Amino acid sequence: MKHRIVVLGAGYAGAFAAGNLARRLSPADTEITVVNAVPDFVERMRLHQLATGQDVAVRKLADVFAGTGVRLRLARVTGVDPERRTVAVTGEDGDGELVYDTLLYALGSSVAHHGVPGVTEYAFDVTGRSSALRLRERLAGLGRGGTVLVVGEGLTGIETATEVAEARPDLSVALAARGELGAWLSPKARRHLRRAFDRLGITVHEHTGIEAVEPTRAIAADGRSLPAEVTVWSAGFAVHPIAAAGGLEVAETGQIVVDRTMRSVSHPDVYAAGDCAYAIGENGRPLPMSCASAGLTNMQATAAIIARLTDSEVPTTALKHYGNHISLGRRDAIVQMVDGGARSKSWYLGGRTAAWLKAGVLKGAGWGIAHPTLGIPKRKRPLATAPDRVGARAAA
């Protein structure tokens, strides 16, 4: 019997991980299944572009994994039972159950509503392809002078506000920030950001928390009414409670608590990668939910899985946050590097060069997804012991 590896989610973390496992493990000993709710790879870092009417290539997961040996199961994960080593799913074929020997949990995250009234009913977001297309349709229906309010001063909020303002200069675009805009950036980068907002005509409401969203406005904590025919909610991310409900040890955020190798601290045959992993970086802080963290955690998780299955020494990959690439429309961006303590360095890169670099990052990530096994591998490693004994050894 082959060792069954099940990967939940085919986002940046899950898709890369599945390809890496297929490239390096012998198909004679292992069976790799990827479970994903939708048939396409969602290029999440470009959803703000999709929302403003730009063309974003669609990659079918069936094409991505064709010829790799990876099995694709289009279904939504409804539960995980780590004691029985099973995953409950539902899809076009009805309800089902998958049995695993090793599980890589990479279901990602969705928008965090924070319990704010009206967000679910009236706000839009760019955390999924369907929601980005819904925003795209709504923006297309706005006439000159229409009001758009982006809530959240993080990377997603900044990129969304600038993209909308550049694509639709006829609209009135504003951003509500709980603190100071770009407070984490170096002083020079912060000035660059403010100049970009001024150039694009974006109004900034700093130190403004939003306590309610209504059809045509948002209500601030101080009682002010901010006009918003469209409210785009980008005030953080949240993970699905499936892991917690299944009995895996999770942090207060609901993320799976993992050790240095991305292995669940409560269930050793479960690994986590991407936004759903509560992983501590080299600076002693939890890694932020981001595409960069997805890359770091999936590389560490796959390296650990492969090493343990082949009875090799488990390597450690660097869990270090190097900086942020922030697009400010199509012709401007900021690249802000950080030090070991995740504090912004004094220098930054901005303008067209930074935009070109950000475009290169997106192109590289897209290419990696389209070529999950990176071509023909030089060597596929057999499992160290008979497949039916590996699961027992891994759990030891």
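This is a predicted model: local features need pLDDT of at least 70, side-chain atom pairs count only at pLDDT 80 or more; totals for chains, interfaces and linings use all residues.
## Asp 101 and the residues around it

The backbone nitrogen of Arg 4 sits 2.7 Å from a polar atom in the side chain of Asp 101. Asp 101 itself belongs to the loop that links strand 8 (94-99) to strand 9 (102-105). Is Asp 101 buried or exposed? Its relative accessibility comes out at 10%, so Asp 101 counts as buried, the cut-off being under 20%.

Who else touches Asp 101? Setting aside residues up to four places away in sequence, the list runs to Lys 2, His 3, Arg 4, Arg 85 and Asp 269.

## Thr 30 in strand 2

Lys 2 and His 3 turn up again as contacts of Thr 30, along with Ile 5, Leu 25 and Leu 383, once residues up to four places away in sequence are left out. Thr 30 is part of strand 2, which covers residues 30-36. With a relative accessible area of 6%, Thr 30 is buried.

## The loop between strands 6 and 7

Arg 85, one of the residues touching Asp 101, lies in the loop between strand 6 (76-81) and strand 7 (86-91). Keep an eye on its backbone: phi of Arg 85 is near 60 degrees, a positive value in a residue that isn't glycine. For background, most residues other than glycine have a negative phi.

Pro 82 is in the loop between strand 6 and strand 7 too, and Pro 82 is buried, at a relative accessible area of 4%. Pro 82 and Leu 248 are 166 residues apart along the chain, yet their C-alpha atoms are separated by 7.3 Å. Leu 248 is also a contact of Pro 82, as are Tyr 100, Gly 246 and His 267, leaving aside neighbours within four places in sequence.

## Another positive phi

His 114 also has a phi near 60 degrees, again positive in a non-glycine residue. You'll find His 114 in the loop between strand 10 (110-111) and helix 4 (119-122). Is His 114 buried or exposed? At 56% relative accessibility, His 114 counts as exposed.

## Two cavities

Rolling a probe the size of a water molecule over the atoms shows where empty space is left. How many cavities of 30 Å³ or more does a search of the whole structure find? The answer is two.

The largest cavity has a volume of about 60 Å³. Its lining is made up of Asp 40, Phe 41, Val 42, Glu 43, Leu 47, Val 56, Ala 57, Val 58 and Arg 129. Sorted by type, that lining holds six nonpolar residues, three charged ones and no polar ones.

The second largest cavity holds about 40 Å³ of space. Around the second largest cavity are Gln 255, Gly 274, Asp 275, Ala 277, Leu 287, Pro 288, Met 289, Ser 290, Ser 293 and Thr 297. Here the lining splits into five polar residues, four nonpolar and one charged.

## What the record says

The UniProt record, an unreviewed entry, carries the annotation "domain: FAD/NAD(P)-binding" over residues 4-289. In the model, the end C-alpha atoms of that span lie 28 Å apart. As for secondary structure, residues 4-289 are 24% helix and 29% strand.

How values were computed: Residues are numbered from 1 along each chain as its sequence is written. Side-chain values use heavy atoms; hydrogens and water are left out. On a 1 Å grid over the protein atoms alone, a cavity is a set of points where a 1.4 Å probe fits but cannot get out, and a pocket is an open set with protein on both sides within 12 Å along at least five of seven lines; lining residues have an atom within 4 Å of a point. Grid points are joined across faces, edges and corners, and a volume is the space filled by probe spheres set on the points. Ala, Val, Leu, Ile, Met, Phe, Trp, Tyr, Cys and Pro count as nonpolar, Asp, Glu, Lys and Arg as charged, and the others, Gly among them, as polar. Helices (H or I, at least four residues) and strands (E, at least two) are DSSP runs, numbered from the N terminus. Buried means under 20% relative accessible area, exposed over 50%, partly exposed in between (1.4 Å probe, protein chains only). A polar contact is a pair of N or O atoms within 3.5 Å; within protein, one must be able to donate a hydrogen and the other to accept it, and residues adjacent in sequence count only if both atoms are side-chain atoms. Contact means heavy atoms within 4.5 Å. UniProt positions are given in the numbering used here, feature names are shortened, and annotations may be inferred rather than shown by experiment.
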